Amino acid sequence: MTDPAAAVDRVFRTEFGRAVALLTRVLGDIDLAEDAVQDAYATAVARWPMDGVPDSPRAWIVTVARNRAIDRLRRRRTLEQHSEQLARRAEVEMAPFEDVDDDAIPDERLRLMFTCCHPALAPEAQVALTMRLVAGLTVAEIARALLSNESAVAQRLVRAKRKLRVAGVPFRVPRDEDIPDRLAIVLSVIYLVFNEGYVATGGDGLRRDDVAGEAIRLGRVLMALMPDEPEAIALLALMLLHHSRRRARADAGGEIVLLADQDRSLWDEGLIDEGLDLTERALRLTGAPGSYALQASIAAVHARSLVGDITEWTRIVALYDALLRLAPSPVVDLNRAVAHSMAEGPQAGLDAVQRLVDAGSLADHHLLHATRADLLARLGRADQAAAYYARAIELADNGAERRFLERRLAAVKAGS
């Protein structure tokens with residue numbers, strides 16, 4: 001029997017952005033659409049345990065959201081005529097929901113994404129708004145993904161929606177000549193959404209395949225819209241190559257398995273082949289690879305490795321060097337330090353990490369401390385490693401990552 005609470009959570013994760021996108025297209029009001037969809041989920045939480053999970057949870061949510069939006073419109077005391085017209089349009093265009101073409105829904109979400117990434121908004125507001133409305137991430141999840149705090153993210157969302165409403169920003173994919181100005185932020189948001197699926201910022205499970213899958217679907221829609229855009233192609237390649245390893249990244253108990261220890265027979269060869277083909281296609285289309293093409297190239301090196309100990313680490317370090325020149329980032333620098341340690345030994349990696357520490361970068365990022373601990377352990381400096389593992393555990397929000405670090409800490413203390 002389906003657990004109603006789990007069903008609501010699952011449908012929220014997979015359908016929130018679709019429902020908001022559908023309502024926004026009809027109503028032209030993001031705030032009203034979001035409020036109506038949230039009302040629908042609140043109703044589901046109250047009713048599904050008593051009535052049972054409906055046969056089509058998605059249709060139920062969108063239908064209830066539509067009805068809530070109509071109710072809100074008809075309760076308005078100002079702009080009565082306009083509100084009534086919108087209410088009638090919602091009734092006509094969204095009834096019945098079963099007639100809505102499923103294949104069109106990703107396009108609605110892409111419209112919503114480009115609307116959220118309008119240049120009238122500051123870049124940080126574009127990212128937060130898209131992660132909330134398109135991906136359905138909570139304020140807490142967005143805050144963790146952006147290394148920010150919840151109150152700042154909540155205020156950013158309120159201001160962004162108000163600005164879109166006041167400016168009368170249209171809900172549509174922009175004209176061809178306007179797309180390049182918004183492409184970079186759209187790509188970054190899709191990748192942030194994918195990363196939330198690749199390693200969930202909270203909860204006990206390592207990953208959220210529904211979120212990662214939605215990012216990949218959006219990447220496919222974007223590539224179809226821009227078939228000759230190298231970075232759109234490269235981003236899809238990057239996500240596919242990472243996603244190809246999903247079944248090998250955790251064991252049967254849900255515990256993390258490091259890349260070097262993964263059973264590579266579990267890797268998805270179909271996704272790898274597609275990702276490699278797309279990486280080559282992106283590189284052919286540009287003389288100077290962009291940041292996603294470089295990241296896809298790094299993922300491609302891993303994908304071509306049959307076993308972990310023959311990975312071309314020197315090649316990976318060179319690609320990270322190119323990526324750092326193009327798009328400097330402390331997270332990229334940390335990844336480069338790990339690759340450097342594999343190519344040149346743990347002391348070389350530790351020296352690179354120390355430069356990040358001296359610069360004050362990633363002080364509250366658990367992966368910095370976990371990396372430092374691992375390198376110290378490889379150098380036989382167990383006491384220091386234990387201290388950094390303990391700090392990483394304090395900062396880790398994901399349950400699977402925390403348990404992995406706890407096992408590492410216990411092993412260091414035991415001298416293994």
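Ala 296 is buried, because its relative accessible area is 0% (buried means under 20% relative accessible area, exposed over 50%, partly exposed in between, with a 1.4 Å probe and protein chains only). The model is predicted: local features need pLDDT of at least 70 and side-chain atom pairs count only at pLDDT 80 or more, while totals for chains, interfaces and linings use all residues. Residues are numbered from 1 along each chain as its sequence is written, and side-chain values use heavy atoms, with hydrogens and water left out.

**Ala 296**
- Ala 296 lies in helix α13 (helices are DSSP runs of H or I with at least four residues, strands are runs of E with at least two, and both are numbered from the N terminus).
- Not counting residues up to four places away in sequence, Ala 296 touches Ala 234, Ala 237, Leu 238, Leu 241 and Thr 279 (contact means heavy atoms within 4.5 Å).
- From Ala 296 to Asp 374 there are 78 residues in sequence and 26 Å in space, C-alpha to C-alpha.

**Whole chain**
- The chain has 19 helices and zero strands.
- Of its 416 residues, 51% count as buried.
- Along the principal axes, the C-alpha atoms fill a box of roughly 75 × 50 × 40 Å.
- Among contacts with a separation of 6 or more, 65% join residues 24 or more positions apart.

**Nonpolar cores**
- The largest nonpolar core has 95 residues, and Leu 112, Ile 190, Leu 222 and Met 239 touch the most other members (a nonpolar core is a set of buried Ala, Val, Leu, Ile, Met, Phe, Trp, Tyr and Cys residues joined through side-chain atoms within 4.5 Å).
- Helix α1 (residues 4-27) gives the largest share of this core, 12 residues.
- A second, separate core of 26 residues includes Leu 206, Leu 362, Ala 370 and Leu 409.
- Leaving aside neighbours within four places in sequence, the contacts of Leu 112 include Gly 17, Val 20, Ile 30 and Phe 171.
- In soluble globular proteins, nonpolar side chains tend to be buried together.

**An exposed leucine**
- Leu 306 is in the loop between α13 (291-303) and α14 (313-326).
- Leu 306 counts as exposed because its relative accessibility is 71%.
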